[in-house]
Amino acid sequence: MTRTHNRQEQAIEDAAGRILAAQHAIALTGAGLSAESGIPTYRGPDGEWTKFGEPTIDGWELFCENPAEWWKLASEGVENPTAFTRALEVAEPNAGHYAMAELEGLHQLAHVITQNIDDLHRRAGSAAVTEIHGNRNLVRCMNCGQREPLAQVRLERLPPLCLDCGGTLKIDVVMFGEPIPQDALYSCYRVTSQTDLFLVIGTSAVVSPAADFPVLAKQRGAALIEVNPHETALTELADIVIRAPAGEALPEIVARLQAAARA
Ligand code: APR
């Protein structure tokens with residue numbers, strides 16, 4: 001076995017030990033966790049934005065100025081999906097998502113903060129999830145904050161209105177420049193204030209406020225474990241670094257915890 005492989009085995013062993021000993025382990029996940037589900041990442045060596053540059057991001061301004069026009073363009077976009085939205089449509093949870101749901105089932109993972117909008121954590125069975133950038137399958141009322149399945153929204157009249165309060169509905173996905181919904185932000189600060197172990201999985205950790213939570217936890221004395229094939233902005237803060245794809249490393253960690261639970 002190569003030295004790298006040994007080092008990785010040791011990191012996985014150490015990570016499993018830390019998770020077993022933790023009182024309140026939580027995780028922050030990013031696009032890298034869904035890469036093995038066929039959804040391209042934004043940054044990193046294979047990222048869409050790395051390869052093709054960042055798109056112009058003015059959705060939030062347009063929505064604020066003219067929500068009906070925004071919904072009209074969004075509906076047209078559904079008819080002409082990009083490669084990215086097609087990948088989102090057909091994506092299934094991968095071994096990494098299922099491993100995280102298993103960690104929750106083993107009571108070894110208290111909460112997941114995800115930056116992903118793909119709904120794959122919930123489809124894999126995770127329940128304690130905060131989708132800080134929203135969920136592509138939901139709409140959110142801009143007045144009362146109520147969320148509903150997008151599939152149930154009637155689009156004969158634009159913009160669609162909230163059945164509870166009459167407020168304007170928007171896709172739940174948080175657009176650049178849009179404030180993070182208060183309920184999601186509160187949930188992230190709450191679980192971050194309680195954690196003693198923060199798993200940072202598949203994220204370049206460059207977008208705030210999501211990337212700030214592991215740093216806040218570290219400052220309070222929590223340990224950090226990074227699972228990422230590449231270095232990130234948080235690598236130097238990490239107590240354990242697993243340089244591997246999440247779909248490979250997380251099931252190996254779960255296997256060790258399941259063996260410990262049987263022992
Ligand atoms: N397993 C784990 N990590 C992986 C894998 C994998 N199989 N493949 C790639 N990665 C890592 C990359 O090395 C990179 O560090 O996933 C990370 C993806 O980083 P980004 O593309 O920047 O995605 P993310 O961190 O989620 O971006 C945060 O930025 O574009 C906005 O709102 C968008 O939620 C997104 C936010």
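What does His 107 count as, buried or exposed, and at what relative accessibility?

Reply: His 107 counts as exposed, with a relative accessibility of 72%. Exposed here means over 50% relative accessible area, buried means under 20%, and partly exposed is in between (1.4 Å probe, protein chains only). The model is predicted, so local features need pLDDT of at least 70 and side-chain atom pairs count only at pLDDT 80 or more, while totals for chains, interfaces and linings use all residues. Residues are numbered from 1 along each chain as its sequence is written, and side-chain values use heavy atoms, with hydrogens and water left out.

His 107 sits in the loop that links α7 (95-105) to β2 (111-114). Helices (H or I, at least four residues) and strands (E, at least two) are DSSP runs, numbered from the N terminus. The backbone of His 107 has a phi near 60°, which is a positive value in a residue other than glycine. Asp 119 also has a positive phi, near 70°, and again the residue is not glycine. Its loop runs between β2 and α8 (120-124). Asp 119 is buried, at a relative accessible area of 15%.

The axes of α7 and helix α11 (residues 246-262) come within 7 Å and cross at roughly 30°. Axes are lines fitted to C-alpha atoms, for helices over the stretch in contact, and angles between N-to-C directions run from 0 to 180 degrees. That makes α7 roughly parallel to α11, where roughly parallel is under 35 degrees, roughly antiparallel over 145, roughly perpendicular 65 to 115, and oblique the rest. The crossing of α7 and α11 is left-handed; in such a crossing the near helix is turned anticlockwise from the far one by less than a right angle, and clockwise in a right-handed one.

β7, α10 (residues 212-219) and β8 make up a right-handed β-α-β unit; right-handed means that, with the strands pointing away from the viewer, the path from the first strand over the helix to the second runs clockwise. The loop between β7 and α10 contains Pro 209. The peptide bond from Ser 208 to Pro 209 is cis, with omega near 0°.

β7 (residues 197-201) is mostly covered, with five of its five residues buried. In a regular strand the side chains alternate between the two faces of the sheet. On one side of β7 lie Leu 197, Leu 199 and Ile 201, on the other Phe 198 and Val 200, and all of these are buried. β7 pairs in the parallel sense with strand β1 (residues 25-29) over five bridges; two strands pair if DSSP finds at least two bridges between them. Leu 28 stands opposite Val 200 of β7. β7 also pairs with β8 (residues 223-227), again in the parallel sense and over five bridges, and there Leu 199 has Ile 225 as its bridge partner.

Another sheet is antiparallel. Its three strands form an open sheet in the order β5-β4-β6. The edge strands, β5 (147-149) and β6 (169-171), each pair on one side only. Neighbouring strands in this sheet are turned by 35° against each other on average, direction ignored. β4 (residues 138-141) is joined to β5 by three bridges, and Arg 140 stands opposite Arg 147 of β5. The loop between β5 and β6 holds Pro 159, and the peptide bond to it from Leu 158 is cis, with omega near -5°.

The structure holds zero disulfides, a disulfide being a pair of cysteine sulfur atoms within 2.5 Å. For Cys 64, the nearest cysteine sulfur is that of Cys 141, 14 Å away. For Cys 141, which is also in no disulfide, the nearest is that of Cys 165, 3.4 Å away. Cys 64 counts as partly exposed at 48% relative accessibility, whereas Cys 141 counts as buried at 2%.
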